[in-house]
Amino acid sequence: MKRIVLLFAIAIFAVSMAFAGARGQADVVNIGAIFPLSGPVAFYGNESRDGALLAIEEVNAAGGILGRRLVLISEDDEGNAEKTVNAFTKLNSRDRVSFMVGSSTSGPTQAISTLAQMNRVVLISPSATNVDVTKAGDYIFRACFIDPFQGVVGADFAYQTLGSRRAAVLYDAGADYNTGLADAFKRQFRALGGQIAADEAYQTGDVDFNAQVTRIRAANPDVVYLPNYYNDVSLQAKQLRDQGITCALVGGDGWDGLIDNAGDEVLNGYWSSGFASDTTDPKGVAFVRAFQSRFNRTASQFAALGYDAMMLILDGIKAANSFDPPAVKNAIARISGTYVTGNIRFDANRDPIKGATILEIVRKGGALANAYKATVNPR
């Protein structure tokens with residue numbers, strides 16, 4: 001009899017705990033994050049993850065949304081598309097996540113865009129710039145500008161601001177991001193009246209670029225466009241300078257993190273960014289201070305884009321007055337407002353209409369730094 005009573009008590013306790021857990025979960029909304037937190041582009045992922053986390057912490061401190069507290073569940077895809085799919089499946093099926101930010105680069109993001117659309121998961125990438133990313137459907141957004149815009153910005157800046165007329169291009173032929181920027185730059189630079197004096201490619205994983213650099217030197221360019229990720233650019237800049245090429249170097253947002261991985265060879269370098277940490281805009285200044293206080297480092301454009309991507313989701317929830325994904329994605333599509341990375345509104349493809357910042361790599365106080373140079377707005 002005692003055993004029966006004991007078992008009955010245990011059963012009642014288990015049921016009560018289950019109901020308590022259910023009540024607790026009703027007060028919580030899980031939001032997923034898929035980023036390369038390790039691997040060759042881990043800088044991008046960790047910055048964006050922390051920016052998204054800061055946004056959630058600020059909203060929770062202000063009382064949450066619609067009476068609920070937000071919880072960020074982060075997954076590491078290592079920049080690998082297959083692992084991005086695995087992370088999406090885990091978040092969607094096990095964690096019941098209906099809103100996600102990620103991933104950092106275009107290939108992994110495209111690997112889950114169709115899945116997000118099929119499962120009615122609102123997905124916003126902070127920094128996947130390939131033009132095809134959002135074509136999977138109306139649940140897919142991005143917080144960054146797209147590759148063709150960056151390529152055009154680079155060409156305009158090189159031709160009009162730097163006065164360049166002969167450009168060399170060196171890019172990774174095996175990566176969509178790199179080829180997208182390179183193609184747009186070449187088209188625009190020629191359209192402006194410039195000449196592509198050298199058009200050089202390499203394969204992902206290459207570390208010796210001296211053969212390409214030799215041909216670039218022979219072409220005598222007055223600017224070299226490097227639409228590559230920072231780890232490659234650090235090697236390319238050194239090899240260019242070692243062969244006596246002293247002209248300006250220009251690149252895209254893949255340069256973020258370069259100053260932490262290179263030396264003076266990247267001086268006279270300029271790159272298009274979604275954000276300048278030395279901004280004077282009040283919203284941007286407040287974000288930079290908050291990020292510095294929370295993480296004890298200067299916010300990069302990836303941190304700012306991660307923050308904005310999360311805020312776009314949260315603003316969509318507020319505007320819809322609902323956690324229903326169809327209502328939220330419709331609300332996000334109608335957003336037009338001021339964010340950390342500038343004014344954001346979406347076009348028909350759910351790509352943001354926003355400007356790009358040109359940063360110059362300079363030396364300040366004995367260290368390399370990114371300094372605001374110019375802003376280029378959409379035409």
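Select Asp 199 to start: with 38% relative accessibility, Asp 199 counts as partly exposed (buried is under 20% relative accessible area, exposed is over 50%, and partly exposed is in between, using a 1.4 Å probe and protein chains only). Before going on, note that this is a predicted model, where local features need pLDDT of at least 70, side-chain atom pairs count only at pLDDT 80 or more, and totals for chains, interfaces and linings use all residues. Residues are numbered from 1 along each chain as its sequence is written, and side-chain values use heavy atoms, with hydrogens and water left out.

**Salt bridges**

Asp 199 forms a salt bridge with Lys 186, and the closest N and O atoms are 2.9 Å apart (a salt bridge is a side-chain nitrogen of Lys or Arg within 4 Å of a carboxyl oxygen of Asp or Glu). This pair links distant parts of the chain, with Asp 199 in strand β7 (residues 195–202) and Lys 186 in helix α6 (residues 176–191), 13 residues apart. Helices (H or I, at least four residues) and strands (E, at least two) are DSSP runs, numbered from the N terminus. Lys 186 counts as buried, at 7% relative accessibility.

How many salt bridges does a search of the whole structure find? There are 15. For another one, pick Arg 297 and Asp 50, whose side chains meet at 2.6 Å, N to O. Arg 297 lies in the loop between α9 (282–295) and α10, while Asp 50 is in helix α2 (residues 42–61), so this bridge ties together parts that are 247 residues apart in sequence. Arg 297 is partly exposed at 28% relative accessibility, whereas Asp 50 is buried at 7%.

Then jump to Arg 142 and Asp 351, another salt bridge, at 2.7 Å, N to O. Arg 142 is in strand β5 (residues 140–142) and Asp 351 in the loop between β12 (342–345) and β13 (356–364), so the two tie together parts that are 209 residues apart in sequence. Is Arg 142 buried or exposed? Buried, with a relative accessible area of 0%; Asp 351 is buried too, at 6%.

**Aromatic rings**

Show the Phe, Tyr and Trp rings next. The structure holds 17 aromatic pairs. Rings of Phe, Tyr and Trp (its six-membered ring) pair if their centres lie within 6.5 Å; planes under 30 degrees apart count as stacked, over 60 as edge-to-face and the rest as tilted.

Zoom in on Tyr 44 and Tyr 230, an edge-to-face pair at 5.6 Å centre to centre with 75° between the planes. Tyr 44 lies in helix α2 and Tyr 230 in helix α8 (residues 230–242), so the pair ties together parts that are 186 residues apart in sequence. Tyr 44 is buried, with a relative accessible area of 1%, and Tyr 230 is buried at 8%. Phe 346 sits in the loop between β12 and β13, 205 residues apart from Phe 141 in strand β5, and both are buried.

For a group view, select Phe 43, Tyr 44, Tyr 177, Tyr 229, Tyr 230 and Phe 302, which ring pairs link into a cluster.

Two charges are worth a click as well. The charged end of Arg 165 sits over the ring of Tyr 159, 3.6 Å from its centre, and Lys 329 lies over the face of Tyr 139, at 5.2 Å from the ring centre. A charge sits over a ring if NZ of Lys or CZ of Arg is within 6 Å of the ring centre and within 35 degrees of the ring normal.

**Cores**

Which residues have the most contacts inside the largest nonpolar core? Phe 287, Met 310 and Leu 314, in a core of 59 residues. Helix α10 (residues 301–320) gives the largest share of this core, eleven residues. A nonpolar core is a set of buried Ala, Val, Leu, Ile, Met, Phe, Trp, Tyr and Cys residues joined through side-chain atoms within 4.5 Å.

**Backbone**

Last stop: the peptide bond from Gly 102 to Ser 103 is cis, with omega near -15°.
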